[in-house]
Amino acid sequence: MYTFDKTNNMKRLFFGILTLTGTVAMAQNSSSLKLNKGQQIKVSTSMNMDMDLGMGTMKTDNNSNALITVLDEKGNDYVITFTVTKVKMSMDGMGQSMSFDSEKAEDANSEVGKSVSPKLNIPDTLLLNKTTGIAKPLHDDAPKEEKNALMAGLQGQNSGPSDAFLIIPAGKKTGDSWTDSITVKGLQTKRTYNWISSDKDIATIKVKGTMAGNVEQEVQGTPMTMSIEMNYNETRTVNSKTNLVLSVSNDADMKNTLDGMGMTMNSKILTNTTYSSN
């Protein structure tokens, strides 16, 4: 029978959950992105997560910066890079605490630093589709996929390059709504968008979403199946002409169950992300 040592494995489980918050890229509807070669988009994210693990609670705070750079145009795609440049985080709960600040040299040798530091300031080259707003690796290799997931998780839900864009379907206007859905690696996401208001070219859009499914997750070298149920509400401000997102506020409730361990985790996740372009 498998037993879970909360003292030795809490951090591994914590990173596993963080990874899951960033692995799903959402599909968008038709229209087109308008970007320029050399254009850069700065991403700043803060995430607060309160988790009830059933045997104790844990609180985490994460702040990060990233940079999206448009390198070139290739058919129906843009060639871009996504680089995480800064991470500051803290965790406290179940009798343990830890912190990491990428700007402190001494933190690079900590347990967290050894996992995170080698992945900072390393650009990932991606293809960003003009009509879907979805970014995928230029070369499909597992190591990059794992790195993107981990760093996206540390940044929070609205962290990857795809989340910097929200393509508003052609013909939509203030007061209209639309839906989309996607299934990625066992997780199905459904979203409803409501265009609430406009101020010149800036649209405010409310998003109500659900995500559910099962994913494989390794804990202490043992493969586990994790079931996920998430409900969330977002407020997004978007440039309706360029489809560039300016800000996202996300309030999510997530339930994770690890099969084989009889363990259920309930989390409240608050994420705020801002985007600024040159």
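This is a predicted model: local features need pLDDT of at least 70, side-chain atom pairs count only at pLDDT 80 or more; totals for chains, interfaces and linings use all residues.
**Figure 1. Strand 3 and strand 5 pair in the antiparallel sense over 6 bridges.** Strand 5, which spans residues 124–129, is mostly covered, since 5 of its 6 residues are buried. The neighbouring position, Ile80, can be followed through its contacts: leaving aside neighbours within four places in sequence, Ile80 is in contact with residues including Asp124, Thr125, Leu126 and Leu128. The list of contacts for Ile80 also holds Ile68, Thr69, Val70 and Leu71, together with Ala135 and Pro161.

**Figure 2. Strand 5 also pairs with strand 6 (residues 135–137), in the antiparallel sense and over 3 bridges.** Within this pairing, Leu128 has Ala135 in strand 6 as its bridge partner. The two strands form a hairpin with 5 residues between them, and in this hairpin Gly133 takes a positive phi near 75°.

**Figure 3. The largest nonpolar core holds 58 residues.** Those that touch the most other members of this core are Ile80, Leu128, Phe165, Leu166 and Ile205. Strand 3, which covers residues 77–93, gives the core its largest share, with 7 residues. For the setting of this view, buried residues make up 47% of the 278 residues in the protein, and the secondary structure comes to 3 helices and 12 strands.

**Figure 4. Strand 7 and strand 8 run antiparallel and are joined by 8 bridges.** One place to look is Ser177, which stands opposite Asn194 in strand 8. The two strands form a hairpin with 2 residues between them, and Lys185, which lies in the turn, has a positive phi of about 50°.

**Figure 5. The structure holds 1 aromatic pair.** The centres of the rings of Trp178 and Tyr193 are 5.2 Å apart and their planes meet at 10°, so the pair is stacked. The pair links distant parts of the chain, with Trp178 in strand 7 (residues 177–184) and Tyr193 in strand 8 (residues 187–199), 15 residues apart. Are these two residues buried or exposed? Trp178 has a relative accessible area of 7% and is therefore buried, and Tyr193, with a relative accessible area of 0%, is buried too.

**Figure 6. The charged end of Lys130 sits over the ring of Tyr78.** In this close-up, the distance to follow runs from the charged end of Lys130 to the centre of the Tyr78 ring, and it comes to 5.2 Å.

**Figure 7. Asn256 is found in strand 11, which spans residues 245–258.** With a relative accessibility of 0%, Asn256 counts as buried. Which residues is Asn256 in contact with, leaving aside its neighbours within four places in sequence? They are Met226, Ser227 and Ile228, then Met263, Thr264 and Met265, and finally Ser267.

**Figure 8. The whole protein exposes about 12,800 Å².** As for the contacts in the protein between residues at least 6 apart in sequence, 63% of them join residues at least 24 apart.

How values were computed: Residues are numbered from 1 along each chain as its sequence is written. Side-chain values use heavy atoms; hydrogens and water are left out. Rings of Phe, Tyr and Trp (its six-membered ring) pair if their centres lie within 6.5 Å; planes under 30 degrees apart count as stacked, over 60 as edge-to-face and the rest as tilted. Helices (H or I, at least four residues) and strands (E, at least two) are DSSP runs, numbered from the N terminus. Buried means under 20% relative accessible area, exposed over 50%, partly exposed in between (1.4 Å probe, protein chains only). A charge sits over a ring if NZ of Lys or CZ of Arg is within 6 Å of the ring centre and within 35 degrees of the ring normal. Contact means heavy atoms within 4.5 Å. Accessible areas come from the Shrake-Rupley method with a 1.4 Å probe; for residues, only the protein chains shown count as cover. A nonpolar core is a set of buried Ala, Val, Leu, Ile, Met, Phe, Trp, Tyr and Cys residues joined through side-chain atoms within 4.5 Å. Two strands pair if DSSP finds at least two bridges between them.
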